[in-house]
Amino acid sequence: MSTPLKGNAVIGQSGGPTAVINQSAVGVVEGLHAANFAGKIYGARHAVDGMMSGDFIDLTDWPQDRLDRLAGTPSSGLGSSRSKPKEKDVRAMTKWFEDHDIRYFFYIGGNDSSDTCRIVSEVAAADGFEMHAFHVPKTVDNDLVLNDHTPGWGSAAKFVAQAFMGDDLDNQALPGVKINVVMGRHAGFLTAASVLGRRPNTNDGPHLVYVPEANFDADKFVKDVAAVYDRIGRCVVAVSEGIHDADGTAMAAKLAEMQGHRVERDAHGNVQLSGSGALADFLAQAVKDYMGRRTRVRADTYGYLQRSFAGVVSENDAIEARAAGRKAAELATSGVRSGSIAIQRVPSDHYQVEYNRIELSDVAAKTRHLPEEWIVNG
């Protein structure tokens, strides 16, 4: 722990937006005010892109009613970015930090964002620039290590569960095969949430769930679908966008290569999986080819819909996202130099969590996976 620093603060929102990411940004502002922070509070437009170009908004004197409206609005109010700053970029950022006396850096995001926060913290320290850097957790994928769950996941999971409940009712009315592709690059938590609306001792869907934690076999997939269809006369399927073959190649990337398309990657090296219906179309066609074209087969890709959908926000998710932001501000202004906030479950006979600091290096660019014992079918 070091001495609290005098200076200003900056907040950035990075990666995919969520329904509650603004709660975290407002939580940081509220936490700074609660600590009687005397400096300016800036919000960087489009995360590190704004920090490198000097594009900021002053949040210091925003009244509480305006902060509350921002907190209750889905998606990233400050704008987001997928950029991963290189060392030279960070030095350009720290030059701006120096010029504007930025001593507190709060970065709200997932795996890659925590790594960006680590890079900024380490480069600043190496250059002798005193700054407190904190990562605030966010991801609909629920895949940050050392977290019981992450802000954004609860609301997205609620959306997915309700969407599958409605889709299953549709499938009961017009029986056939329905395949839905859900977000999840390396972790299947969001896809697994599709089963939350199933009633016990019924034939409610989804009947089959495929996640990235298990190798995907296309031949076995069509046989699984046919077996369910033969048994109950219909089949609803949940599939993670990140399913991969036994060699670890994502099916979406494999399809792009098979069709002669360039495989797009972001600044962090991640293959683009969302924003395309190719995987859903491929799976639907495979089922048609195996079961016969008279079988009614449909497929949808939820894509970005599940991230910031208005009207299905989980109340706990909103509360915890805000509390995580407040905790980051509390620790930073108390003299803690850097870290990430982890939401961890408290052993109790009722639901209870606490917000603990973990090292940036313990979470940065790491992935938490769905436990193997939770996977029923591959």
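## Exercises on a predicted model

Ser75 sits in the loop between helix H3 (64-71) and helix H4 (87-99).

**Exercise 1. Backbone at Ser75 and Leu146**

Task: Find the phi value of Ser75, and decide whether Ser75 is buried, partly exposed or exposed. Then do likewise for Leu146.

Solution: 
- Step 1. Phi of Ser75 is near 75°. That is a positive value, in a residue other than glycine.
- Step 2. The relative accessible area of Ser75 is 28%.
- Step 3. Leu146 lies in the loop between strand S5 (132-137) and H6. Its phi is near 70°, again positive in a residue other than glycine.
- Step 4. With a relative accessible area of 45%, Leu146 is partly exposed.

**Exercise 2. A cis peptide bond**

Task: Which residue does a cis peptide bond join to Gly205, and where is that residue found?

Solution: 
- Step 1. The bond joins Gly205 and Pro206. Omega is about 5°.
- Step 2. Pro206 belongs to the loop between H7 and S7.

**Exercise 3. Helix H6**

Task: Compare the reach of helix H6 with its expected span, then list its buried residues and some of what covers them.

Solution: 
- Step 1. H6 runs over residues 153-173, which is 21 residues.
- Step 2. From first C-alpha to last, H6 reaches 30 Å. This is close to the 30 Å expected at 1.5 Å a residue.
- Step 3. An α-helix has 3.6 residues a turn, so residues three or four places apart point the same way.
- Step 4. The buried residues of H6 are Ser155, Ala156, Ala157, Phe159, Val160, Ala161, Phe164, Asp167, Asp168 and Asn171.
- Step 5. Their cover includes strand S6 (177-182), helix H7 (189-192), strand S8 (235-240) and helix H11 (315-333).

**Exercise 4. Aromatic pairs**

Task: How many aromatic pairs are there, and what kind of pair do Phe159 and Phe309 form?

Solution: 
- Step 1. The count is 13 aromatic pairs.
- Step 2. Phe159 and Phe309 lie 4.9 Å apart, centre to centre, with 50° between the planes. Stacked needs under 30 degrees and edge-to-face over 60, so this pair is tilted.
- Step 3. The pair links distant parts of the chain. Phe159 is in helix H6, and Phe309 is in the loop between strand S9 (297-301) and H11, 150 residues apart.
- Step 4. Phe159 is buried, at 10% relative accessible area. Phe309 is partly exposed, at 36%.
- Step 5. Take Phe189 and Trp374 next: 6.4 Å centre to centre and 90° between the planes, an edge-to-face pair.
- Step 6. This pair also links distant parts of the chain. Phe189 is in helix H7, while Trp374 is in the segment after helix H12 (360-363), 185 residues apart.
- Step 7. Phe189 counts as buried at 4% relative accessibility. Trp374 counts as exposed at 52%.
- Step 8. Ring pairs also link Phe159, Phe164, Tyr302 and Phe309 into a cluster.

**Exercise 5. The second largest pocket**

Task: Describe the space in the second largest pocket and the residues that line it.

Solution: 
- Step 1. The second largest pocket holds about 510 Å³ of space.
- Step 2. Its lining has 23 residues. Ala192, Ala193, Val195, Leu370 and Trp374 lie nearest its centre.
- Step 3. H7 and strand S7 (208-210) each supply at least two residues of this lining.
- Step 4. The lining divides into 15 nonpolar, 4 polar and 4 charged residues.

Note on methods:
Residues numbered from 1 in each chain as written. Predicted model: local features only at pLDDT ≥ 70, side-chain atom pairs only at ≥ 80, totals over all residues. Heavy atoms only, no water. Helix = DSSP H or I, 4+ residues; strand = E, 2+ residues; numbered from the N terminus. Expected span 1.5 Å × (residues − 1). Buried < 20%, exposed > 50% of the residue type's maximum accessible area, 1.4 Å probe, protein only. Contact = heavy atoms within 4.5 Å. 1 Å grid on protein atoms, 1.4 Å probe; cavity = no way out; pocket = protein on both sides within 12 Å on 5 of 7 lines; lining within 4 Å. Points joined across faces, edges and corners; volume = space filled by probe spheres on them. Nonpolar A, V, L, I, M, F, W, Y, C, P; charged D, E, K, R; others polar. Phe/Tyr/Trp six-rings, centres within 6.5 Å; stacked < 30°, edge-to-face > 60°.
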